[in-house]
Amino acid sequence: MSLLAIEHVDLIYQTEKSETEAVRDLNLDAEEGEFVALVGPSGCGKTTVLSMIAGLLPPTNGRVTVDGNEVSAKSGNVGYMLQRDNLFEWRTIESNVLLGLSVQKKLNDESKKYALDMLGKYGLGDFAGSYPTELSGGMRQRAALIRTLAFKPRLLLLDEPFSAIDFQTRMTVCDDVHSIIKSENKTAILVTHDISEAVSMADKIVVLTKRPATVKTVFRIDIDAPTPLKRRESPRFSEWFDKVWKEVSA
């Protein structure tokens, strides 16, 4: 059984005067430890799909399940990392990382140790007492990811998490985030407009159609390289980029 299963999902936005069909008969899955990227035309509904997976938007029809259980905003088994790190500038990095656990009433000696151990494991242990303004953009993203992973979600959702970072930093941060996710054996769904980013990071790329969104094509990326940066250096990288680009733009 897949960790994530989206089965025959429709989503219709309704107002007093009209209705908009956003998603139609969407079928999608993700295996444990798999890194999946969602790409498609601008405005096709990629973030809407993430919101349904997170349990923030109930589908009009169909089912979205994680570990066989229908998702809800209260299930606690899905972590959501947004476009900006949303670190509170007046809190230390340690305080920021522990905030989610505190809000969810899951902060105890064991969960605190797990979160602080991750800070040390991924190069932020010496900055636990620092404030976000004292960290680079890449370090802030690492802190935000650790905050999301601190409560041990089964599935991690990434909504264009690198879009607010300059291009040069973005390359390094992609490597950092990919390394952490793979090291922690997390299943991840990435929404991105950047096809290069998708090809460099994902095990599987799902191309969505124009709205109403449904699955157009699924690509399994078979570039044998350990990191996103190494993938970009592969002679097969441009081949995969062209394949995905043609599907997105057709």
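**View 1. Helix 1 and the glycine that follows.** Gly 55 comes after helix 1 and has a positive phi, near 85°. The model shown here and in the other views is predicted. Helix 1 covers residues 46-53. Seven of the eight residues in helix 1 are buried, leaving the helix mostly covered.

**View 2. The largest nonpolar core.** This core holds 49 residues. Seven members touch the most other members: Phe 35, Leu 145, Leu 158, Ile 181, Val 199, Ile 205 and Val 244. Helix 4, residues 137-149, is the top contributor to this core, giving six residues. A second core is separate and has 29 residues. Among its members are Leu 28, Cys 44, Leu 50 and Val 206.

**View 3. The surroundings of Val 244.** Val 244 is among the members of the largest nonpolar core that touch the most others. Which residues is Val 244 in contact with, leaving aside neighbours within four places in sequence? They are Val 39, Ile 195, Val 199, Ile 205, Val 207 and Phe 219. Two of these partners, Val 199 and Ile 205, are likewise among the members of the core that touch the most others.

**View 4. Ser 2 ahead of strand 1.** Ser 2 sits in the segment before strand 1, which spans 4-14. Is Ser 2 buried or exposed? Its relative accessibility is 16%, so Ser 2 counts as buried, the cut-off being under 20%. The side chains of Ser 2 and Glu 31 make a polar contact at 2.8 Å. Ser 2 also touches Asp 29 and Ala 30, with residues up to four places away in sequence not counted.

**View 5. The largest pocket.** The volume of the largest pocket is about 610 Å³. Its lining has 24 residues. Closest to the pocket centre are Val 78, Gly 79, Tyr 80, Gln 104 and Phe 151. Strand 6 (78-81), helix 2 (93-103) and helix 4 each give two or more residues to the lining. Strand 6 supplies the largest share, four residues.

Conventions: Residues are numbered from 1 along each chain as its sequence is written. This is a predicted model: local features need pLDDT of at least 70, side-chain atom pairs count only at pLDDT 80 or more; totals for chains, interfaces and linings use all residues. Side-chain values use heavy atoms; hydrogens and water are left out. A nonpolar core is a set of buried Ala, Val, Leu, Ile, Met, Phe, Trp, Tyr and Cys residues joined through side-chain atoms within 4.5 Å. Buried means under 20% relative accessible area, exposed over 50%, partly exposed in between (1.4 Å probe, protein chains only). Contact means heavy atoms within 4.5 Å. A polar contact is a pair of N or O atoms within 3.5 Å; within protein, one must be able to donate a hydrogen and the other to accept it, and residues adjacent in sequence count only if both atoms are side-chain atoms. On a 1 Å grid over the protein atoms alone, a cavity is a set of points where a 1.4 Å probe fits but cannot get out, and a pocket is an open set with protein on both sides within 12 Å along at least five of seven lines; lining residues have an atom within 4 Å of a point. Grid points are joined across faces, edges and corners, and a volume is the space filled by probe spheres set on the points.
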